[in-house]
Amino acid sequence: MRILLFGGFLGSGKTTTILQVAKYLTESRQQTVAIIENEIGAAGVDDKLFSDRGLQVKRLFGGCVCCQITSDLISAMDEIHATVKPDWLMIEMTGLAYPSKTAKMIKKYSKVYSAFKTVTIVDRGRWAELVAMLKPLVIGQVEGSDLIVLNKADLAGEELAKITGDLQEIDPKLKVVITSATKELPITVLEEVVCCE
Ligand SMILES: Nc1nc2c(ncn2[C@@H]2O[C@H](COP(=O)(O)OP(=O)(O)O)[C@@H](O)[C@H]2O)c(=O)[nH]1
Ligand SMILES: [Mg+2]
């Protein structure tokens with residue numbers, strides 16, 4: 001079971017991206033996908049989007065930004081591994097979570113994955129505002145991610161080159177792809193997201 005952990009601020013495009021990646025894996029690669037939702041707020045909206053498309057989805061409550069959720073997450077991963085046995089498990093974190101912190105905990109305590117990748121979605125339109133207002137959160141969310149998806153490139157916002165420059169400043173090793181997730185993602189981007197070991 002390979003794991004893709006998606007983080008990024010509320011509304012950045014996590015669910016939209018996960019849906020496209022799931023479609024690619026199930027339709028083009030004929031692989032199976034399960035999803036864990038760890039989102040606070042509007043109950044079941046994203047769950048329904050997933051289940052309407054025939055994807056197995058499990059919802060985690062708790063909605064805490066700290067590590068308290070991690071034990072629930074590990075249990076849910078064990079359960080999915082034992083019962084559904086999907087090729088892929090995609091986890092959507094809450095908009096306030098730090099994906100690389102959760103990744104560390106999963107790598108330490110879970111034994112049910114064969115490969116793992118952390119993907120952080122960045123919203124072009126809100127970059128300047130979030131950096132100004134919530135800089136530690138922005139930095140904490142992107143730091144240590146295996147891939148940054150700089151999304152909403154079709155909308156107005158900060159210059160893309162400025163954002164990628166800021167990202168490189170936070171961590172020169174960050175790998176960045178630029179997307180508009182409401183349009184069909186190119187194969188190269190989909191491959192980049194699912195390329196993990
Ligand atoms: N124009 C545009 N809208 C997007 C893009 N990605 C997501 N959205 C929209 O932004 C909103 C939030 O997306 P969602 O995937 O639910 O974000 P999440 O909260 O991170 O899961 C939805 O209305 C999406 O249709 C994009 O690349 N371009
Ligand atoms: Mg969502």
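**Exercise 1. Work out how strand β2 pairs with β3, and over how many bridges.**

Step 1: Find the strands. β2 covers residues 33-37; strands here are DSSP runs of E with at least two residues, helices are runs of H or I with at least four, and both are numbered from the N terminus.

Step 2: Check the pairing. β2 and β3 run in the parallel sense and share 4 bridges. Two strands count as paired if DSSP finds at least two bridges between them.

Step 3: Look at single partners. A34 has Q56 in β3 as its bridge partner, and E37 sits opposite R59 in β3.

Step 4: Now try the other neighbour. β2 also runs parallel to β4, joined by 5 bridges, and V33 is partnered there by W88.

A quick word on what you're looking at. This is a predicted model, where local features need pLDDT of at least 70 and side-chain atom pairs count only at pLDDT 80 or more, while totals for chains, interfaces and linings use all residues. Residues are numbered from 1 along each chain as its sequence is written, with chains lettered from A and ligands numbered from 1 in the order in which they are written.

**Exercise 2. Find the order of the strands in the sheet, and say which ones stand at the edges.**

Step 1: Walk across the sheet. It is open, has 7 strands in the order β3-β2-β4-β1-β5-β6-β7, and its pairing is parallel.

Step 2: Go to the ends. β3 (56-59) and β7 (176-178) each have a single partner strand, so one side of each has no neighbour in the sheet.

Step 3: Neighbouring strands are turned by 20° against each other on average, direction ignored.

**Exercise 3. Decide how much of β2 is buried, and which way its residues point.**

Step 1: Sort by direction. V33, I35 and E37 point one way, and A34 and I36 the other. In a regular strand the side chains alternate between the two faces of the sheet.

Step 2: Zoom in on I35. Leaving out residues up to four places away in sequence, I35 touches I18, F50, L55, Q56, V57, M90 and E92; a contact means C-beta atoms within 7 Å.

**Exercise 4. Describe how helices α1 and α8 meet.**

Step 1: Take the axes, which are lines fitted to C-alpha atoms over the stretch in contact, with angles from 0 to 180 degrees between N-to-C directions. The axes of α1 and α8 (residues 187-194) come within 10 Å and cross at roughly 90°.

Step 2: Name the angle. This makes α1 roughly perpendicular to α8, the label for 65 to 115 degrees (under 35 is roughly parallel, over 145 roughly antiparallel, the rest oblique).

Step 3: List the residues. V21, Y24 and L25 of α1 meet L190, V193 and V194 of α8.

Terms used: Two residues are in contact if their C-beta atoms, placed from the backbone, lie within 7 Å. A residue is buried if 20 or more other C-beta atoms lie within 10 Å of its own, exposed if 12 or fewer, and partly exposed in between; C-beta atoms are placed from the backbone.
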